[in-house]
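Please keep the sequence and the coordinates in view while reading.

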Amino acid sequence: MRTQTRDVHDRKVSEIAARYAEQGYSVRVEPSTGELPFDLGSYRPDLLAEKGDEHFLIEVKTGNNHISVERVRELAEEVGQHPNWRFLLVTAEDLEIGDTPAAAERLLSWQELKEHARTAGQLLELGLSAAALLSSWAVFEGLLRHQAERALLPIERFATSALLKHLYSYGEISMAQFDEAMQALEIRNRVAHGFAADDVEDAAARLMALSHQLLNEWGPRSAAA
């Protein structure tokens with residue numbers, strides 16, 4: 001069984017390494033501690049991917065490796081102290097392949113999230129429930145990714161459902177917030193993929209309320225005002 005799970009892990013590492021290599025990164029699998037430019041103790045990442053000023057240390061999360069939350073945060077904090085270096089926790093299932101993280105990517109600013117939230121409210125007032133739901137979801141997802149960065153959880157590029165699960169597991173969102181979000185996600189997915197859905201207006205309103213709640217809890221005072 002151990003050999004089998006190890007094989008699964010190694011296969012996923014190879015798949016993710018290939019994706020980075022296809023995008024022009026120089027990739028080293030399981031670099032030695034001597035190949036790292038700073039001291040991370042005995043830790044060895046699964047991958048070191050570099051291109052220009054972008055440098056990623058990547059831990060591929062599978063069922064048989066159990067790196068602790070505390071250790072993940074320590075590594076993210078240490079690596080983040082070095083300009084242009086990032087520590088990423090990645091799963092082959094969660095990462096939306098083709099969208100491999102790049103340092104040049106940026107999240108919407110708090111102010112932009114606030115403006116999008118205002119637009120979503122206007123759409124709902126106009127009776128455009130589906131548009132309001134999709135717009136609200138963009139705000140909500142942006143908030144989640146900001147919070148992951150702030151909490152030093154290197155998971156901000158995870159696919160949505162995985163991001164939600166990890167933030168809940170790490171105590172960043174409550175069970176009630178998680179349940180609310182998963183219900184909204186189900187309706188959002190139906191709307192986004194061209195299927196009929198019930199209670200779109202209610203889902204949009206509830207998601208909007210949740211987004212405003214998180215914006216007030218997590219955002220800078222100026223963004224929440």
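In this predicted model, the largest nonpolar core comprises 52 residues. Those with the most contacts inside this core are Leu57, Phe140, Ile155 and Leu164. Two or more residues each are contributed by helix H2 (69-80), strand E4 (85-90), helix H3 (110-125), helix H4 (129-150), helix H5 (160-169), helix H6 (175-192) and helix H7 (200-218). H7 gives the most to this core, namely nine residues. As a general background, nonpolar side chains in soluble globular proteins tend to be buried together.

Leaving aside residues up to four places away in sequence, Phe140 touches Leu164, Ala181, Leu207, Leu210, Ser211 and Leu214.

The packing of H3 and H7 may be considered next. The two helices pack at an angle of about 155°, and their axes are 11 Å apart. Because angles over 145 degrees count as roughly antiparallel, H3 is roughly antiparallel to H7. The crossing of H3 and H7 is left-handed.

On the H3 side, the contact is made by Trp110, Lys114, Ala117, Ala120, Gly121 and Leu124. H7 contributes Glu201, Ala204, Ala205, Met208, His212, Leu215 and Trp218. What is the make-up of the contact of H3 with H7 by class? Nine of its residues are nonpolar, two are polar and two are charged.

Notes
Residues are numbered from 1 along each chain as its sequence is written. This is a predicted model: local features need pLDDT of at least 70, side-chain atom pairs count only at pLDDT 80 or more; totals for chains, interfaces and linings use all residues. Side-chain values use heavy atoms; hydrogens and water are left out. A nonpolar core is a set of buried Ala, Val, Leu, Ile, Met, Phe, Trp, Tyr and Cys residues joined through side-chain atoms within 4.5 Å. Buried means under 20% relative accessible area, exposed over 50%, partly exposed in between (1.4 Å probe, protein chains only). Helices (H or I, at least four residues) and strands (E, at least two) are DSSP runs, numbered from the N terminus. Contact means heavy atoms within 4.5 Å. Axes are lines fitted to C-alpha atoms, for helices over the stretch in contact, and angles run from 0 to 180 degrees between N-to-C directions. Angles under 35 degrees count as roughly parallel, over 145 as roughly antiparallel, 65 to 115 as roughly perpendicular and the rest as oblique. A crossing is left-handed if the near helix is turned anticlockwise from the far one by less than a right angle, and right-handed if clockwise. Ala, Val, Leu, Ile, Met, Phe, Trp, Tyr, Cys and Pro count as nonpolar, Asp, Glu, Lys and Arg as charged, and the others, Gly among them, as polar.
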